[in-house]
Amino acid sequence: MTPKQARHLRIAVAAVLLVAMAAVLAIRLASRTSVLVVGVYGLAMILCGVVIELSRNGRTRLGTWLLAGGLAAALAFDWLILP
């Protein structure tokens, strides 16, 4: 895979995850309204936007690690902390 293809792939994955996080946020807010829910999923959505920008600027490996770690942390917070 060429670096250009890798950048486009990371941008596409981050965009899909951004939409998925928005959908999960809407579902979670429908079941319970909490500032923590908005905070966790809002930060995950911001993280997806940061990864898109990093990928556009050629920092694909950093973006990949940041996306994987950040989304794992968001899911862990959802499972452990959120009521």
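Trainee: Which helices are included in what covers the buried residues of H2?

Mentor: In this predicted model, the cover over the buried residues of H2 includes helix H1 (3–31) and helix H3 (60–80).

Trainee: How many residues does H2 have, and what distance does it reach from its first C-alpha to its last?

Mentor: A helix may be read by setting its reach beside the expected span. Helix H2, residues 35–56, has 22 residues and reaches 31 Å, close to the 32 Å expected at 1.5 Å a residue. Just after H2, glycine 58 takes a positive phi of about 90 degrees.

Trainee: Which residues of H2 are buried?

Mentor: Among them are Val37, Val40, Tyr41, Ala44, Leu47 and Cys48. Serine 55 also belongs to helix H2, and it counts as buried because its relative accessibility is 0%, where buried requires under 20%. Leaving out residues up to four places away in sequence, serine 55 touches Arg7, Arg10, Ile11 and Thr60.

Trainee: How many residues does the largest nonpolar core have, and which of them have the most contacts inside it?

Mentor: The largest nonpolar core has 13 residues, and Met21, Tyr41, Ala44, Leu67 and Leu71 have the most contacts inside it. H1, H2 and H3 are the elements that give two or more residues to this core. H2 supplies the largest share, seven residues.

Trainee: What do alanine 44 and leucine 67 touch?

Mentor: Residues up to four places away in sequence are set aside for both. Alanine 44 touches Met21, Leu71 and Ala74. Leucine 67, found in helix H3, is buried with a relative accessible area of 8%. Its contacts are Val13, Ala14, Leu17, Leu47, Cys48 and Val51. The C-alpha atoms of leucine 67 and valine 50 are separated by 8.9 Å, although these residues are 17 apart along the chain.

Trainee: How many salt bridges does the structure hold, and where do the partners lie?

Mentor: A salt bridge is read from its distance, then from the places of its partners. The structure holds two. In one, the side chains of arginine 28 and aspartate 78 meet at 2.7 Å, N to O. Arginine 28 lies in helix H1 and aspartate 78 in helix H3, so this pair ties together parts that are 50 residues apart in sequence. In the other, the side chains of glutamate 53 and arginine 56 meet at 2.6 Å, N to O. These two are three residues apart in helix H2, and are therefore separated by about one helical turn.

Conventions: Residues numbered from 1 in each chain as written. Predicted model: local features only at pLDDT ≥ 70, side-chain atom pairs only at ≥ 80, totals over all residues. Heavy atoms only, no water. Helix = DSSP H or I, 4+ residues; strand = E, 2+ residues; numbered from the N terminus. Expected span 1.5 Å × (residues − 1). Buried < 20%, exposed > 50% of the residue type's maximum accessible area, 1.4 Å probe, protein only. Contact = heavy atoms within 4.5 Å. Core = buried A, V, L, I, M, F, W, Y, C linked by side-chain atoms within 4.5 Å. Salt bridge = Lys/Arg side-chain N within 4 Å of Asp/Glu carboxyl O.
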